[in-house]
Amino acid sequence: MKKLFLLVMASLIASSAALAERLPFPPPAQFDKPYAGKLTVQYVNPAEVNGVCRGGQAAGPFMQACTFVIPDRGECKIIMPKDTGVYSKQYLAALLKHENGHCNGWVH
Ligand SMILES: [Zn+2]
């Protein structure tokens, strides 16, 4: 039986580098805390993030990162772009903070 994954999309920001530097918006304070469960962060090449996040599912806006939450197991997995110079370190930090908010149950 397939596990139920809750896929939370990252902010839908266009993939051009210029637009990418608009920082992902931060989670509200109640979701902006370390995840209490088992957190895994998988870093993939920036161009591959969208494919990994969508898992071959329907096309849509390019996803720069995504989060899979498995609530009944207390696990969260974040797919993040590797630091290859496509995004600034400040951007990547904001993105991880954003996705971590989703691990904590943030939906927007
Ligand atoms: Zn988001």
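Me: What makes residues 9–20 a stretch to read with caution in this predicted model?

Reply: Over residues 9–20 the pLDDT stays under 50, and since pLDDT is the predictor's confidence on a scale from 0 to 100, the 23 contacts beyond four places in sequence that the model has for this stretch are drawn where that confidence is under 50. For the protein as a whole, the average pLDDT is 84, and 81% of the residues score at least 70.

Me: What pattern does the protein follow along its sequence, and how many helices and strands are there?

Reply: The order is β-α-β-α-β-β-α, with three helices and four strands. Of the contacts between residues at least 6 apart in sequence, 74% join residues at least 24 apart, and 30% of the 108 residues count as buried.

Me: Why is Glu 99 called buried?

Reply: A residue is buried if 20 or more other C-beta atoms lie within 10 Å of its own; Glu 99 has 27 such neighbours and therefore counts as buried. Glu 99 belongs to helix H3, residues 89–103, where the buried residues also include Tyr 91, Leu 92, Leu 95 and His 98. The C-alpha atom of Glu 99 is separated by 8.4 Å from that of Pro 27, which is 72 residues away along the chain.

Me: How do you know that the length of H3 agrees with its number of residues?

Reply: The expected span is 1.5 Å times one less than the number of residues, so the 15 residues of H3 should span 21 Å, and because the end C-alpha atoms are 21 Å apart, the two values agree. After H3 comes Gly 105, whose phi is positive, near 100 degrees.

Me: Why is strand E3 described as largely enclosed by the rest of the structure?

Reply: Strand E3 covers residues 66–70, and four of its five residues are buried, so the strand is largely enclosed by the rest of the structure.

Key
Residues numbered from 1 in each chain as written. Predicted model: local features only at pLDDT ≥ 70, side-chain atom pairs only at ≥ 80, totals over all residues. Helix = DSSP H or I, 4+ residues; strand = E, 2+ residues; numbered from the N terminus. Buried ≥ 20, exposed ≤ 12 C-beta atoms within 10 Å, placed from the backbone. Contact = placed C-beta atoms within 7 Å.
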